[in-house]
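Please read them with the model open beside you.

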2 protein chains.
Amino acid sequence: MHIIKNPSPKQWPDLLKRPTQSLESIETKVEEVFKEVSAKGDQAILKYTQLFDGVALSNFKVTPQEIEEAKNLVPQELQQAIQQAKENITKFHAAQRTKPLRVETQNGVECWQEKRPIQKVGLYIPGGSAPLFSTILMLAIPANLAGCQEIVLCSPPNKEGKLDPAILYTANLCGVTNLLKVGGIQAIAGMTFGTESIPQVYKIFGPGNQFVTVAKQLATKYNVAIDMPAGPSELLVFADETAKANFVASDLLSQAEHGADSQVILVTTSEKMLQEVEKEVKKQLESLPRKQMTAKAIQNSKLILMNTEKSALALINAYAPEHFIVVSKNEDFFINGIQNAGSVFIGNYTPESAGDYASGTNHTLPTNGFAKQYSGVNLDSFLKSMTFQKIDATGIKNLGKTIELMAEAEGLHAHKNAVSLRLKSLE
Amino acid sequence: MHIIKNPSPKQWPDLLKRPTQSLESIETKVEEVFKEVSAKGDQAILKYTQLFDGVALSNFKVTPQEIEEAKNLVPQELQQAIQQAKENITKFHAAQRTKPLRVETQNGVECWQEKRPIQKVGLYIPGGSAPLFSTILMLAIPANLAGCQEIVLCSPPNKEGKLDPAILYTANLCGVTNLLKVGGIQAIAGMTFGTESIPQVYKIFGPGNQFVTVAKQLATKYNVAIDMPAGPSELLVFADETAKANFVASDLLSQAEHGADSQVILVTTSEKMLQEVEKEVKKQLESLPRKQMTAKAIQNSKLILMNTEKSALALINAYAPEHFIVVSKNEDFFINGIQNAGSVFIGNYTPESAGDYASGTNHTLPTNGFAKQYSGVNLDSFLKSMTFQKIDATGIKNLGKTIELMAEAEGLHAHKNAVSLRLKSLE
């Protein structure tokens with residue numbers, strides 16, 4: 001762990017720098033897969049599934065029977081946990097619904113704004129050693145609440161050509177409409193172009209490895225939107241002397257276990273806390289099953305001592321963490337002052353794990369400093385805002401002269417004429 | 001004008017295809033300018049301003065004196081028109097403010113969502129034959145309402161090294177904080193990297209030619225967000241026999257005068273209306289100053305007759321127009337059924353020009369079919385949504401078991417441990 005004491009603002013950019021990922025080397029591969037999926041559809045999907053996932057499938061659509069079987073394979077206790085998480089996530093995201101907003105800006109000029117669902121969305125759920133069913137909750141629940149008509153989910157099959165029962169169970173519970181056993185670049189390509197079995201979608205959500213990241217970037221060139229640019233997950237904890245060092249250490253470690261490139265930072269105004277956390281991390285690390293990988297991320301982690309809360313907050317805003325835990329006797333100072341963070345966790349009893357799974361907030365959040373300009377996934381991510389306006393004869397009389405003057409000054413005479421004709425007809 | 005009668009859904013994709021822009025040829029040039037601006041700052045900006053805009057400047061920051069002078073150069077009548085437009089746009093965008101949203105998802109688990117401003121934004125206003133001051137209203141007003149701290153505006157200088165007085169007047173009126181005489185690729189590069197004179201920004205807004213479009217795309221590779229991908233402007237009008245053909249024609253022409261690549265479409269269920277509109281367009285075209293260019297876009301325009309309102313609506317949703325004017329005895333059918341459109345204009349007295357300038361809605365809208373997944377610019381475009389959560393001892397007791405079960409099932413033991421430690425401390 002790197003200990004840094006009172007760095008000057010000049011040192012911040014270097015200190016807070018994220019590792020840069022060079023993804024150019026895999027762009028060629030990704031483009032190749034896109035071309036083939038675009039040209040050959042399902043045939044190309046099956047080819048790359050065999051090549052990359054090592055399994056020969058004849059059909060990659062999940063059957064109702066597979067979903068039925070999954071229900072019996074997920075332990076009752078876990079089913080109940082997933083249901084409770086679903087309930088909380090639903091509550092928080094349903095509350096984000098907004099009503100149409102009507103404003104009569106002038107007499108006879110009525111303007112309104114309404115949100116309507118993105119009709120077709122694609123969700124990507126990575127494979128790997130464990131089934132990330134929690135991400136299905138985070139994406140399919142708001143998609144469903146938003147009213148998206150088609151909710152397509154792609155996830156790579158295992159060596160037996162199957163999806164994990166927890167994935168199937170959760171996808172079915174959350175109203176996914178098309179469930180497909182396809183992963184990686186070929187899944188993103190499939191949802192971008194559409195194939196015989198995979199519906200084309202308008203926006204793609206979800207995490208993934210570097211191949212998926214590059215594929216999502218490439219998808220935007222083919223007019224598909226994506227949730228946000230991706231980077232390694234991050235946690236920054238601010239803890240003063242009111243924090244419990246063993247809790248703080250457990251949070252830092254929970255971030256570190258995501259992978260060797262996880263970003264883990266403690267900022268504190270208490271030298272004692274810094275030392276205690278360092279000790280606790282070492283101690284707790286010993287008993288973790290993912291010890292080796294977790295230790296790697298911890299090696300690169302930073303413990304930063306700051307003189308004042310004010311400079312600590314400025315540093316945190318400059319970093320713009322994905323997850324920000326704050327345990328401070330002056331928590332309101334941080335809550336009110338934080339400008340750039342994906343999600344904020346407040347107090348000793350609010351571990352990041354709570355938001356990762358079940359408190360109700362979304363865990364798909366901006367990494368890599370993108371909290372400066374991007375929102376995490378929320379209900380609006382599945383909607384688009386449209387405006388409407390209706391002007392009557394009185395309205396165009398009130399507004400017409402203004403439009404004519406402005407259009408003329410911009411040299412747009414046909415724009416002016418569209419108003420002049422109407423005004424003339426009302427004389 | 002191309003007349004198409006009752007095309008079958010199979011023909012729609014070809015019929016509704018936008019012209020594809022190949023921008024790859026200019027990518028190299030754009031990358032070159034980015035590299036040089038990144039390395040040499042203001043020096044590179046001045047070099048490219050001389051090269052591309054043909055003017056040698058020693059300083060490209062607008063001075064308070066220039067702004068003061070502009071006030072005297074903009075006709076009083078136009079100033080008043082701009083002020084009225086500002087008032088309406090302010091009313092409509094201020095109404096879009098949302099309050100923090102608090103939900104106690106379970107006893108002791110409090111979650112909330114709050115929107116906070118993107119601290120630094122950049123607005124690009126193209127040059128050309130006429131000053132597009134209306135776009136300043138559309139971008140700077142919501143930026144200001146959102147509370148963005150730095151609102152940087154770049155616009156290319158004319159041959160005398162100046163900005164149009166209407167640009168200066170409007171920018172000053174709408175609270176732009178940094179006003180710079182720099183255009184094209186070098187402006188986007190400057191706002192992406194920051195230079196001695198140009199602040200680095202987090203998100204770039206605004207229209208532009210193909211060089212600006214490619215530069216904005218490239219900016220996203222350097223972690224800057226953009227408002228939306230760009231394409232030629234579009235208008236689709238649905239008019240039945242209750243529409244006035246001369247009004248419809250004037251709207252189609254106002255779209256066509258934007259440029260030869262403008263997309264202009266009429267959809268109607270009335271053969272008579274189709275014929276009348278065709279006649280009116282030819283008639284009105286004769287008296288327009290931009291006749292030649294407008295005629296080019298009109299040549300490529302489409303007049304589509306559909307058998308039923310239902311099929312007309314389906315076609316319109318498949319196209320996803322930037323601007324959608326509907327004049328119909330069944331307007332509610334279209335208002336309720338439109339799923340994909342940037343902005344909707346309803347009835348005989350609602351020309352697109354109204355929304356372009358002064359009704360209150362925003363004119364920065366998704367083109368190229370992006371209305372399927374993107375919102376037009378609105379107040380939220382200048383904010384990001386952050387979530388917060390605070391869990392107390394009761395809350396973690398209520399929620400803890402659920403998190404432990406889910407974390408364990410995903411193989412994330414440190415995530416589980418962060419909860420277990422807290423639960424144990426409360427036993």
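1. Contact here means heavy atoms within 4.5 Å. Leaving aside neighbours within four places in sequence, Asp356(A) is in contact with Ser134(A), Met138(A), His323(A), His363(A) and His415(B). Asp356(A) lies in helix H15 of chain A. Helices (H or I, at least four residues) and strands (E, at least two) are DSSP runs, numbered from the N terminus. Asp356(A) is buried, with a relative accessible area of 8%. Buried means under 20% relative accessible area, exposed over 50%, and partly exposed in between (1.4 Å probe, protein chains only).

2. Some ground rules. This is a predicted model, in which local features need pLDDT of at least 70 and side-chain atom pairs count only at pLDDT 80 or more, while totals for chains, interfaces and linings use all residues. Residues are numbered from 1 along each chain as its sequence is written, chains are lettered from A and ligands numbered from 1 in the order in which they are written, and side-chain values use heavy atoms, with hydrogens and water left out.

3. The chain as a whole. Chain A holds 17 helices and 14 strands. Its C-alpha trace spans about 85 × 60 × 45 Å along the principal axes. Of the 427 residues of chain A, 63% count as buried. Take the contacts in chain A between residues at least 6 apart in sequence: 74% of them join residues at least 24 apart.

4. How are the two copies related? A rotation of 180° with 0.0 Å of shift along its axis superposes chain B on chain A, with RMSD 0.0 Å. The two copies are thus related as by a two-fold rotation axis. The same surface serves both: 100% of the contact residues of chain B recur in chain A. Within chain B, Thr98(B) comes closest to the axis, at 4.5 Å (C-alpha).

5. Nine strands form an open sheet with mixed pairing, in the order E2(A)-E3(A)-E14(A)-E13(B)-E12(B)-E9(B)-E10(B)-E11(B)-E1(B). Strands E2 (101-106) of chain A and E1 (2-5) of chain B stand at the edges, each with a single partner strand, so one side of each is left without a neighbour in the sheet. Two strands pair if DSSP finds at least two bridges between them. Nine bridges join E3 (residues 109-117) of chain A to E14 (residues 383-391) of chain A, and these two run antiparallel. Pro117(A) stands opposite Leu383(A) in E14(A).

6. The record. An unreviewed UniProt entry lists Ser233(A), Gln255(A), His258(A), His323(A), Asp356(A), Glu410(A) and His415(A) under "binding site". They span 183 residues in sequence, and the farthest two C-alpha atoms are 56.0 Å apart, so they do not all gather at one spot. UniProt positions are given in the numbering used here, feature names are shortened, and annotations may be inferred rather than shown by experiment.

7. Gln255(A) sits in helix H10 (residues 245-256) of chain A. At 0% relative accessibility, Gln255(A) counts as buried. Its contacts beyond four places in sequence include Ser233(A) and His323(A).

8. Gly347(A). This glycine is in the loop between strand E13 (343-346) and helix H15 (352-357) of chain A. Gly347(A) is buried, at 10% relative accessible area. Not counting residues up to four places away in sequence, Gly347(A) touches Val326(A) and Val327(A).

Key. Copies are superposed by least squares on the C-alpha atoms of residues with pLDDT of at least 70 in both.
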